[in-house]
Amino acid sequence: MGRKLLLEHIDVPGIETFEVYRKNGGYRSVEKALKTMSPQNVVEEVQASGLRGRGGAGFPTGMKWSFLAKPEGVPRYLLCNADESEPGTFKDRYLMEKIPHLLVEGMIVSSYALGCNQSYIYIRGEYMWVLEIVEKAIAEAYANGFLGKNILGSGYDLDLAIAPGGGAYICGEETALIESLEGKRGNPRIKPPFPAVRGLWGCPTVVNNVESIAAVVPIVNDGGAEYAKIGIGKSTGTKLISACGNLVKPGVYEIELGITVEEFIYSDEWCGGIANGKKIKACVPGGSSVPILPANLITKTAEGVDRLMSYEGLAEGGFASGSMLGSGGFIVFDEDQCIVRNTWNFARFYAHESCGQCSPCREGTGWMEKVLRRLENGQGHMHDIDLLAEINKKIEGNTICPLGDAAAWPVAAAIRHFREEFEWHVTHPDEAVKRNFGIASNHMPLV
Amino acid sequence: MVKVIIDDIEVEVEPGTTILNAARQIGGDVVPPAMCYYSKLQGSGGKCRTCLVEVAAGSTADPRPMPKLVASCSTPVMDGMIVKNKTSERVYDNRAAVTEFLLINHPLDCPICDQAGECHLQDLGFEHGKEGTRYEEKRRTFDPIDIGDKIKLHMNRCILCYRCVYVANQLTDKRVHGIMHRGDHAEISTYIEQAIDNDFSGNVIDVCPVGALTDKTFRFKSRVWFLKPMEASCECTKCAGKAVVWMFGDEIYRVTGRKDKYGEIEDIDGKTAWICNECRFDKKDKSQWNIEGPRVINRHSVIAQNQYLVDERIESKKLN
């Protein structure tokens, strides 16, 4: 049984209310931080913990905090990025829905560490019911003196507000989130300047994922060094993984970073294997934007070593034979699933969600979507496959924000690992249309 | 002052200058093309990605190359930076790719487009485009609409550079148009077909790099290369009154701002000489203008032809 830090009390009835949460050790970190630690101490603990951003890029949170410019007389802002909209990722929703006070607690401690007196939680527009849950938790925190003026008599003031998004994936990009919060169109800004220097309303700003902020609570409670003991190498602590697809037990799991992928998929403690006794065909280990892995590269790396659930473990082999931990959206495909259809589905998402600001992403994502739709519907040509590979090479790295890369990588990886399947769609157009999904048994039975 | 090397040419510029502006100080074909950047409009740039350049060395202090191509219009130079534009294969490849991206949904109706001859996309296509297209899908189409009584919007031709949005934001009191929707279905539009009605709204036509926004008083009257551009001025209470009148014989066909070789309105007496709608749309009689002399136009592919005065630097390159 792995250690649970975030979801420890998730099954306690009524944990979403302040009383129950408090009885189970809630808000201890606020007391500890405000009464015994200086803001710099909290930042140091987070740096010592080695916590890496849980939103997808895996940038060390402590380092991000240390970059925050601190000019005199200018307010600083902490924004919580709860605009979780990557296909396959639903961990933040689970956390906010079940144990909203953990996020509120994390926000108070993190805001204290950064010296912010006004913080925001930017929640995705589709999560309206979650917004109400978190709003209630914030109201309870205010009523009990954990938010507002002079928190716990320490002289520290903090106001926490929720800002609902309009349901755009792009607003999960930190500068687009800031633009959206300012009431403008959610277009990513051109960097530099980075938000740590000029963010919300031109002031220094830190944007952190829900899970990163929640993880600050156990770090402050137990100390950064204690947190760093969990995990492996530079991947410290626990991570929420939202497992979905053809699994026996899909759901949100908190794992210690560093367990093997094989254990995660097949052991009964976690996902319990592939549903209906089928074989695994492919896996997207970190949300739709990371490269897909074929069956032979999921549990073992190209060198034959066991693949680990960690930032480095999943990235082993680079883009040629590896993937990324990303935001922890673990999608598993069984042998009946069609990779072309899935790739088209992802491409359709990115074509729809591209903000349309810079040309490679705007035109490229739409183009890839159209080509993939033709391939899936049996109207493709052999040269379309090379064309797709060409297009995504020209999008990657040429865009303002990482959405272009996120759109390009899954297509590139699908072609790299499942080229035969794309070719099968061209050579067997009638069957491709008729079956629409699941061509493994026709074309390349997995023995 | 910081020193920067662009395509093996060293130039000294003010700190904080962007790579593109440093390249413009050198001039010639070292200058990357810019479809969305407009030096007179604050905040423009970074969107079209045609000006991407390779940075072979970041600065003297940190001489590592930058892994990605950077947008030269929004990246400030550092002391000792080495930039590759025309000397980089990678830059050319990516510029060709961006050109292709910009053209896949473009109607390529240059034969009937009023912008033809002074169109930045035409120039870009001429320099970086390929023969034929790999795009087999249906193009995104819109109907041309009137935005205001003097401006026509051909959304089909638009490359979403946002320049007109910045003009409306920075020149007029109230912006009534903007970008609607996202991705490749994004479009320039007014709020529920509201009319753009403002003294300086006509400048959106001047800043449009393509033929998406055209002057209704000039549409289909003549090809621009048949007209004589003349510098002219008039007494105007709203604007500086410095414009270029495009004449055919003694008739004025259209009036535009004085654009420099990068298609940007020139500064006159330290102020950008935007012209007002009255000068642009209503003063079409020769008696209303004081005509100063012929206007020199270069860099544009078509109307630059048949010009008696040419840039000496370009001439000397041709001989070599």
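Two residues are in contact if their C-beta atoms, placed from the backbone, lie within 7 Å. The model shown in these views is predicted.

**View 1. The contact of chain A with chain B.** The contact takes 24 residues from chain A and 25 residues from chain B. On the side of chain A that touches chain B, helix H15 (339–353), helix H16 (359–376) and helix H17 (382–395) of chain A each supply at least two residues. H16(A) gives the largest share of this side, 9 residues. Sorted by class, the side of chain A that touches chain B has 8 nonpolar, 10 polar and 6 charged residues.

**View 2. The packing of H15(A) with H16(A).** The axes of H15(A) and H16(A) are 8 Å apart, and the two helices pack at an angle of about 155°. Because angles over 145 degrees count as roughly antiparallel, H15(A) is roughly antiparallel to H16(A). Their crossing is left-handed. Residues of H15(A) in this contact include Val340(A), Trp344(A), Ala347(A) and Ala351(A). Among the residues they meet in H16(A) are Thr365(A), Met368(A), Leu372(A) and Glu376(A). The contact of H15(A) with H16(A) has 8 nonpolar, 3 polar and 5 charged residues.

**View 3. The packing of H3(A) with H6(A).** Helix H3 (residues 39–49) of chain A packs with helix H6 (residues 100–114) of chain A at an angle of about 115°, and their axes lie 7 Å apart. H3(A) and H6(A) are therefore roughly perpendicular to each other. H3(A) passes H6(A) in a left-handed crossing. Pro39(A), Val42(A) and Val43(A) of H3(A) make the contact with Val109(A), Tyr112(A) and Ala113(A) of H6(A). By class, the residues of this contact divide into 6 nonpolar, no polar and no charged.

**View 4. The hairpin of E7(A) and E8(A).** Strand E7 (residues 238–245) of chain A and strand E8 (residues 251–256) of chain A run antiparallel and are joined by 6 bridges. One bridge partner can be picked out by name: Leu240(A) is paired with Glu254(A) in E8(A). A hairpin joins E7(A) to E8(A) through 5 residues.

**View 5. Confidence along chain A.** The average pLDDT of chain A is 89, and 97% of the residues score at least 70. Over residues 438–447 of chain A, pLDDT stays under 50. For residues 438–447 the model has 20 contacts beyond four places in sequence.

Definitions and conventions
Residues numbered from 1 in each chain as written. Chains lettered and ligands numbered in written order. Predicted model: local features only at pLDDT ≥ 70, side-chain atom pairs only at ≥ 80, totals over all residues. Pairing = 2+ DSSP bridges. Helix = DSSP H or I, 4+ residues; strand = E, 2+ residues; numbered from the N terminus. Nonpolar A, V, L, I, M, F, W, Y, C, P; charged D, E, K, R; others polar. Axes fitted to C-alpha atoms, helices over the stretch in contact; angles between N-to-C directions. Parallel < 35°, antiparallel > 145°, perpendicular 65-115°, else oblique. Left-handed = near helix turned anticlockwise from the far one by under 90°. pLDDT = per-residue confidence, 0-100.
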